[in-house]
Amino acid sequence: MKLIFATHNPNKVIELNKQLPSSIALSDLLELGFNEEIPETENTLEGNAILKATYIYDKTGNDVFADDTGLEIEALNGEPGVFSARYAGNNKNATDNIKKVLKNMEGVTNRKAQFRTVFALIIAGKLQLLEGVIKGSILKQPQGDNGFGYDPIFCPNGYTQSFAEISLDEKSKISHRGIATQKLVAFLKNRT
Ligand code: IMP
């Protein structure tokens, strides 16, 4: 089975390929020559994932899936959520995003948060949504150098370290994206 992953991020493809059965041939947008970014104009993770998957399905007619992820902080009414990548502004980076979160969380005792990934899958023209969630809390300051994005300030429930202090292998087993990927693999295996 040929499946397109509507992403330009080669790390995501490597991560996924490790878990997919060999009967599924995954290709990404760079491989297909789609170099332009697909604008993420929706205001939900689901909306953006569907938008990206539909865009590529309409262009290629091939089975496809797309992902979108956000950090949802309870005390900030779910922010940064769908705006996680650009929380501090379009030209800002992960350090700026973390600073903004910590500033908004100053003096806040409810530190509950979750990472949520949504996969929108279009197989034979039929849409299927899959979700992966990891619950945890926002630390008072950044800890660790591994990972990316908000990893240094997110401590998963049951752990004393941040996502940036545990190994990538361990993170992949418990993370939002890891869980969504396990669901994707199970879904695809059930079809073959
Ligand atoms: P994307 O939808 O996977 O591109 O994720 C959107 C944004 O969410 C990223 O730019 C990061 O800021 C944040 N993010 C997604 N996944 C993770 C993660 O595993 N750790 C930390 N931050 C993440």
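Because the model is predicted, local features are reported at pLDDT of at least 70 and side-chain atom pairs at pLDDT 80 or more, whereas totals for chains, interfaces and linings use all residues. Residues are numbered from 1 along each chain as its sequence is written, and side-chain values use heavy atoms, with hydrogens and water left out.

Helices (H or I, at least four residues) and strands (E, at least two) are DSSP runs, numbered from the N terminus.

An N or O atom in the side chain of D151 is 2.6 Å from a nitrogen atom of the ligand. For K171, a side-chain N or O atom is 2.8 Å from a ligand oxygen atom, and a polar side-chain atom of H176 lies 3.0 Å from an oxygen atom of the ligand. A polar contact is a pair of N or O atoms within 3.5 Å. The ligand taken alone exposes 470 Å², and the protein buries 85% of that; accessible areas come from the Shrake-Rupley method with a 1.4 Å probe, and for residues only the protein chains shown count as cover.

The space taken by the ligand is the largest pocket. A pocket is an open set of points on a 1 Å grid over the protein atoms alone, with protein on both sides within 12 Å along at least five of seven lines. A molecule sits in a pocket if more than half of its atoms lie within 2 Å of its grid points.

Backbone geometry was examined next. The loop between β3 and α4 (94–104) contains P80, and the peptide bond from E79 to P80 is cis, with omega near -5 degrees. N77 is also placed in the loop between β3 and α4. Although N77 is not a glycine, its phi is positive, at about 55 degrees. The relative accessibility of N77 is 75%, so N77 counts as exposed; exposed means over 50% relative accessible area, buried under 20%, and partly exposed in between (1.4 Å probe, protein chains only). A positive phi, of about 50 degrees, is also found at A124, which is not a glycine. A124 lies in the loop between β4 (112–123) and β5 (126–138) and is exposed, with a relative accessible area of 66%.

Further residues were placed by element, accessibility and spacing. F5 belongs to strand β1 (residues 2–5) and counts as buried because its relative accessibility is 2%. Between F5 and V101, 96 residues apart along the chain, the C-alpha atoms are separated by 30 Å. A53 is part of helix α3 (residues 45–60) and is buried at 0% relative accessibility. From C-alpha to C-alpha, G132 and G70 are 11 Å apart in space and 62 residues apart in sequence. F148 is found in the loop between β5 and β6 (154–156) and is exposed, with a relative accessible area of 53%. The C-alpha atoms of F148 and F163, 15 residues apart along the chain, are 9.0 Å from each other.

Note on methods. A polar contact is a pair of N or O atoms within 3.5 Å; within protein, one must be able to donate a hydrogen and the other to accept it, and residues adjacent in sequence count only if both atoms are side-chain atoms. On a 1 Å grid over the protein atoms alone, a cavity is a set of points where a 1.4 Å probe fits but cannot get out, and a pocket is an open set with protein on both sides within 12 Å along at least five of seven lines; lining residues have an atom within 4 Å of a point.
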